[in-house]
Number of protein chains: 2
Amino acid sequence: MQYLAHIYVSYKPSVLDPQGEVIKAALHRLAYQNVREVVQGKYFEVRLEAADEEQAVDDVKSLTAALLINQNTETYHFDLQAVPEEG
Amino acid sequence: MQYLAHIYVSYKPSVLDPQGEVIKAALHRLAYQNVREVVQGKYFEVRLEAADEEQAVDDVKSLTAALLINQNTETYHFDLQAVPEEG
């Protein structure tokens, strides 16, 4: 069975997000004074084969920890959906 | 009224995603042969003041086009939620 995971990675609240501050300042210069806060993170779509949803969840958690995030500074959340077989 | 937008930016399907290919190859080396495809993109959380939801949607669309994406190679989608006043 194929599954599609959307993984959203952002800095932990305790970690300064310099990129977000830079973008906010640029938006203010472009007349978007109504913008209060900007957080920038990474976004992954991972398509994978798995025997069932439980296996897919386990794989997503372990591959994310192994390669997609810096566990010291970043946190993540994800959603998962089964992908119907084509044809 | 305050609104929180989640903006997801990824490459247009027609554009090669070298970063996604690199990550897929690395996951295969880490024994995740069941991964079929990886797409990497950017993820923004933007908190902004707006008179109403319609104004917030307009602002999110225009600030995204103005600063957050490369309109030639990237596409985006977003969701928006009203943020209850604190206190």
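A salt bridge here is a side-chain nitrogen of Lys or Arg within 4 Å of a carboxyl oxygen of Asp or Glu. The model is predicted, so local features need pLDDT of at least 70 and side-chain atom pairs count only at pLDDT 80 or more, while totals for chains, interfaces and linings use all residues. Residues are numbered from 1 along each chain as its sequence is written, chains are lettered from A and ligands numbered from 1 in the order in which they are written, and side-chain values use heavy atoms, with hydrogens and water left out.

**Exercise 1. A pair within chain B**

Task: Find which secondary-structure elements hold B:Lys42 and B:Glu74, and state whether each residue is buried or partly exposed.

Solution: 
- Step 1. The side chains of B:Lys42 and B:Glu74 form a salt bridge, with an N to O distance of 3.5 Å.
- Step 2. B:Lys42 belongs to strand β2 of chain B and B:Glu74 to strand β3 (residues 74–83), so 32 residues separate them and the bridge links distant parts of the chain. Strands (E, at least two residues) and helices (H or I, at least four) are DSSP runs, numbered from the N terminus.
- Step 3. Buried means under 20% relative accessible area, exposed over 50%, and partly exposed in between (1.4 Å probe, protein chains only).
- Step 4. B:Lys42 is partly exposed because its relative accessibility is 25%; B:Glu74 is buried because its value is 13%.

**Exercise 2. Pairs between the chains**

Task: Determine how many salt bridges the whole structure has, and explain why the pair A:Arg36 and B:Glu49 joins two chains.

Solution: 
- Step 1. Over all chains, the search finds 6 salt bridges.
- Step 2. One of them pairs A:Arg36 with B:Glu49, whose closest N and O atoms are 3.7 Å apart.
- Step 3. A:Arg36 sits in strand β2 (residues 35–49) of chain A and B:Glu49 in strand β2 of chain B, so this pair joins two chains.
- Step 4. A:Arg36 is partly exposed at 40% relative accessible area, and B:Glu49 is partly exposed at 26%.
- Step 5. Another salt bridge, 3.0 Å from N to O, connects A:Arg47 and B:Glu37. A:Arg47 is in strand β2 of chain A and B:Glu37 in strand β2 of chain B, so this pair also joins two chains.
- Step 6. A:Arg47 is partly exposed at 23%, as is B:Glu37 at 35%.

**Exercise 3. Positive phi**

Task: Locate A:Ala31 and B:Ala31, and state what phi A:Ala31 has.

Solution: 
- Step 1. A:Ala31 occupies the loop between α1 (18–29) and β2 of chain A. B:Ala31 is in the loop between α1 (18–29) and β2 (35–49) of chain B.
- Step 2. Phi of A:Ala31 is near 80°, a positive value in a residue other than glycine. B:Ala31, not a glycine, has a positive phi of about 80°.
- Step 3. A:Ala31 is exposed at 57% relative accessibility, and B:Ala31 is exposed at 60%.
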